[in-house]
Amino acid sequence: MATTNQTQVGGPTSPLLAPYKLGNFNLSHRVVLAPLTRQRSYGNVPQPHAVLYYSQRTSNGGLLISEATGVSDTAQGYPDTPGIWTKEQVEAWKPIVDAVHAKGGIFFCQIWHIGRVSNTGSQPNGQAPISSTDKSLTSETPSTGVYAIEFSPPRRLRTDEIPQIVNDFRLAARNAMEAGFDGVEIHGAHGYLIDQFLKDQVNDRTDQYGGSVENRCRFALEIVEAVANEIGADKVGIRLSPFADFMDSGDSNPKELGLCMANSLNKYGILYCHMVEPRMKIGAEKSYYPQGLVPMRKAFNGTFIAAGGYDKEDGNNALAEGRADLIAYGRIFLANPDLPKRFELTTPLNKYNRETFYTSDPVVGYTDYPFLEATT
């Protein structure tokens with residue numbers, strides 16, 4: 001896509017700073033706030049301090065994706081993550097969404113179910129977490145920061161229970177629209193419930209939701225269909241990580257899985273597919289494999305968002321080479337609330353502090369990263 005229609009001081013706009021039409025939304029640049037679990041929604045209710053956090057990272061015409069937000073009372077695992085299944089939660093989200101819109105931002109709510117990445121203490125009536133399987137997470141699972149929870153053995157969902165979970169996603173999407181969000185992103189990545197169905201390392205089912213890659217994609221696609229029918233396909237995205245093995249969720253043929261999902265999603269006409277690069281490794285800064293998503297990018301008809309350890313140069317290259325339409329930034333956007341402006345002016349970036357990623361403090365590591373004006 002041509003980028004010569006805008007210029008900045010010093011020459012033509014870089015690809016990251018070029019405008020983009022995302023369905024009905026006019027983006028002023030391609031720098032997306034990735035969904036980031038922050039664990040500051042006490043009692044699973046979004047808090048007033050999130051107003052400042054999200055508005056700090058909003059630019060006019062910028063796309064933000066919220067932290068993962070639970071679809072039901074069985075969707076919980078990590079402490080103090082937000083939900084959107086109760087009226088109280090919906091009302092609590094409204095001023096946060098309003099603050100983003102007041103600065104001209106476009107805001108999507110990422111909706112998830114954590115599945116077996118939970119314990120009985122986080123579940124209603126102390127029941128077992130639900131999953132595609134009854135296999136437990138192993139002791140090798142990361143246990144620092146956000147992941148510092150003990151996992152309880154999960155209960156395998158019966159075939160006849162699955163429509164209720166699909167419906168939970170549908171209702172969560174409806175609630176997100178009620179809260180004022182512009183759309184929803186379905187979290188199908190990183191070892192949580194949808195990924196537990198997608199990946200053959202986890203999914204050991206013998207019903208129509210297990211076995212072949214098409215069967216393993218069925219649950220995800222039923223959720224996509226239900227959500228798209230509820231709020232409109234033009235307001236729906238999905239995040240996938242076929243190459244990741246986070247939370248013991250790897251796949252024996254990730255390329256086949258990614259292609260199956262990319263091709264199948266075309267049937268529903270959703271707005272975007274947000275996929276995590278093979279280079280993204282938990283615990284490692286970078287592990288390059290920048291061509292890994294190209295087959296999926298070519299297969300999917302809608303907007304393609306890539307994520308996974310990108311810096312400015314990586315992002316510009318991926319866009320210039322047509323490997324993505326938008327680039328999602330996580331850690332560096334957290335530490336640099338004015339990231340698009342810093343990219344535009346080519347200024348140094350604040351360093352992020354891992355130690356404060358998942359603290360419950362409403363300021364520290366949350367809204368206290370300095371803007372350019374405070375550092376010059």
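This is a predicted model: local features need pLDDT of at least 70, side-chain atom pairs count only at pLDDT 80 or more; totals for chains, interfaces and linings use all residues.
Reader: Why is E344 called partly exposed?

Author: E344 has a relative accessible area of 28%, and since buried means under 20% relative accessible area, exposed over 50% and partly exposed in between, with a 1.4 Å probe and protein chains only, the residue is therefore partly exposed. Residues are numbered from 1 along each chain as its sequence is written, and side-chain values use heavy atoms, with hydrogens and water left out.

Reader: What makes the pair K341 and E344 a salt bridge?

Author: The term asks for a side-chain nitrogen of Lys or Arg within 4 Å of a carboxyl oxygen of Asp or Glu, and the N to O distance between the side chains of K341 and E344 is 3.8 Å, so the pair qualifies. Both residues lie in helix α10 (residues 339–345), where they are 3 residues apart, about one turn of the helix. Helices here are DSSP runs of H or I with at least four residues, strands are runs of E with at least two, and both are numbered from the N terminus.

Reader: How many salt bridges does the structure hold, and which residues are linked in a network of them?

Author: The structure holds 18 salt bridges, and K87, E91, K94 and E178 are linked in a network of them.

Reader: Where do R297 and D325 lie, and are they buried or exposed?

Author: The side chains of R297 and D325 meet in a salt bridge with an N to O distance of 2.9 Å. This pair links distant parts of the chain, 28 residues apart, with R297 in helix α7 (residues 294–299) and D325 in the loop between α8 (312–320) and β15 (326–329). Both R297 and D325 are buried.

Reader: Why can the pair E230 and R174 be said to tie together parts of the chain?

Author: The side chains of E230 and R174 meet in a salt bridge at 3.0 Å, N to O. E230 belongs to helix α5 and R174 to helix α3, so the pair ties together parts that are 56 residues apart in sequence. E230 has 27% relative accessibility and counts as partly exposed, and R174, at 41%, counts as partly exposed too.

Reader: How do you know that α3 and α5 meet, and which residues take part?

Author: Contact means heavy atoms within 4.5 Å, and on that basis I162, I165, V166, F169, R170, A173, R174 and M177 in α3 meet F219, E222, I223, A226, V227, E230 and I231 in α5. The residues of this contact divide into 11 nonpolar, no polar and 4 charged, where Ala, Val, Leu, Ile, Met, Phe, Trp, Tyr, Cys and Pro count as nonpolar, Asp, Glu, Lys and Arg as charged, and the others, Gly among them, as polar. Helix α3 (residues 162–178) and helix α5 (residues 213–231) pack at an angle of about 35 degrees, with their axes 9 Å apart; the axes are lines fitted to C-alpha atoms, for helices over the stretch in contact, and angles run from 0 to 180 degrees between N-to-C directions.

Reader: What makes helix α1 largely enclosed?

Author: In helix α1 (residues 49–56), 6 of the 8 residues are buried, so the helix is largely enclosed by the rest of the structure. The buried residues are H49, A50, Y53, Y54, S55 and Q56, and they pack against β5 (31–33), β6 (63–65), α2 (87–102), β8 (106–112) and α9 (331–335).

Reader: What share of the protein is buried?

Author: Buried residues make up 60% of the 376 residues in the protein, which has 11 helices and 15 strands.
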